[in-house]
Amino acid sequence: MAQDVQGGSNSTLSVSNSTQGVSNYSPGDPLVNIVNTSPTKTHVYKLEGNADNPPSAYGAGSGFLPMVTVLPGQTVHFQLGKGFIGAITALSGAGTRFEVNFRGDSPGDYKTWYNSDMEFGMSDTTMGPANGDKQINGLDSLAGEQDCLAKANSAWASLDEAAQQQLLDTGYLEGSIGTNGALTAVHMDKQAGDSVVEFFQNIAEMNAYVNPGSVLGKPTSRTAAAANLFSWSVETKELTITGY
């Protein structure tokens, strides 16, 4: 099958979509659609599975699994198999990380859990239920950010020049200071300091969990609360990751 994606005012890109993962897929089993909306960029995702994943899951009993490559304009339908728990991370593991848990099968249990995590890196990538449903608690179900730089810029002018300069000095934000200043690039990894985490998590309010404290052993009450806030649960086993 093919998908047409507009690549500017005068071009249309047509590519063949792909189905990967387990071969014993049945309707209603765990499925993640990985969509690349870019007309020019190839997106690569790092795929990890829990060591205790059952034989019915993709890469049963494995940790790191083969990378998933999604060509410009392509959608990869990835059949993860029953009982899969693991993570899918953009930019070959250096972007936004989405952890998924498809073991909610017991009566009265949730169908799917997932979270959005930027502590290892951030990218213009989102995840949500393919049918657009809200979370079980009624909140919006779209995790991650379509445009991380724009989200950071929306909060930049709220800081005084001293705070702006301090953040630029970390190297995780690039741009200019002042009321007319603007950011030109933003970065994140597990070595980022508290001021960087504070800006992305609580000032810019990135729609993801941003906290190297869970890695470095220095969680704060605010970032711990963010970890709980950015854990999603939905009543579907079909999710969509969109890379921009």
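Which residue caps the N-terminal end of H2? I looked at Asp160 and found that it caps this end, with a side-chain oxygen 3.2 Å from the backbone nitrogen of Ala162. I take a polar contact as a pair of N or O atoms within 3.5 Å; within protein, one must be able to donate a hydrogen and the other to accept it, and residues adjacent in sequence count only if both atoms are side-chain atoms.

Notes on the source. The model is predicted, so I use local features only at pLDDT of at least 70 and side-chain atom pairs only at pLDDT 80 or more, while totals for chains, interfaces and linings use all residues. Residues are numbered from 1 along each chain as its sequence is written, and side-chain values use heavy atoms, with hydrogens and water left out.

Entry on helix H2. I assigned helices (H or I, at least four residues) and strands (E, at least two) as DSSP runs, numbered from the N terminus. H2 covers residues 161-170, and its buried residues (under 20% relative accessible area, 1.4 Å probe, protein chains only) are Gln164, Leu167 and Leu168. Seen down the axis of H2, the buried residues fall within an arc of 100 degrees, so they line one face of the helix. The arc is taken from the directions from the helix axis to the C-beta atoms. An α-helix has 3.6 residues a turn, so residues three or four places apart point the same way. On the other side of H2 I found Ala162 and Asp169 exposed, meaning over 50%.

I then checked what the buried residues of H2 pack against: helix H1 (148-156), strand S13 (173-175), strand S14 (183-186) and helix H3 (194-203). Contact here means heavy atoms within 4.5 Å. After H2 comes Gly171, with a positive phi near 85 degrees.

Entry on the sheet. I traced an open sheet of 6 strands in the order S6-S5-S8-S9-S10-S15, with antiparallel pairing. Two strands pair if DSSP finds at least two bridges between them. S6 (64-70) and S15 are at the edges with a single partner strand each, so one side of each has no neighbour in the sheet. The twist averages 20 degrees from one strand to the next.

Glu48 stands opposite Phe64 in S6.

Entry on strand S10. In S10 (residues 112-117), 5 of the 6 residues are buried. Strand S9 (residues 97-101) is joined to S10 by 5 bridges, antiparallel, and Asn101 has Trp113 as its bridge partner in S10. S10 also pairs with S15 (residues 231-234) over 4 bridges, in the antiparallel sense. There I found Thr112 opposite Val234 in S15.

Definitions and conventions: Axes fitted to C-alpha atoms, helices over the stretch in contact; angles between N-to-C directions.
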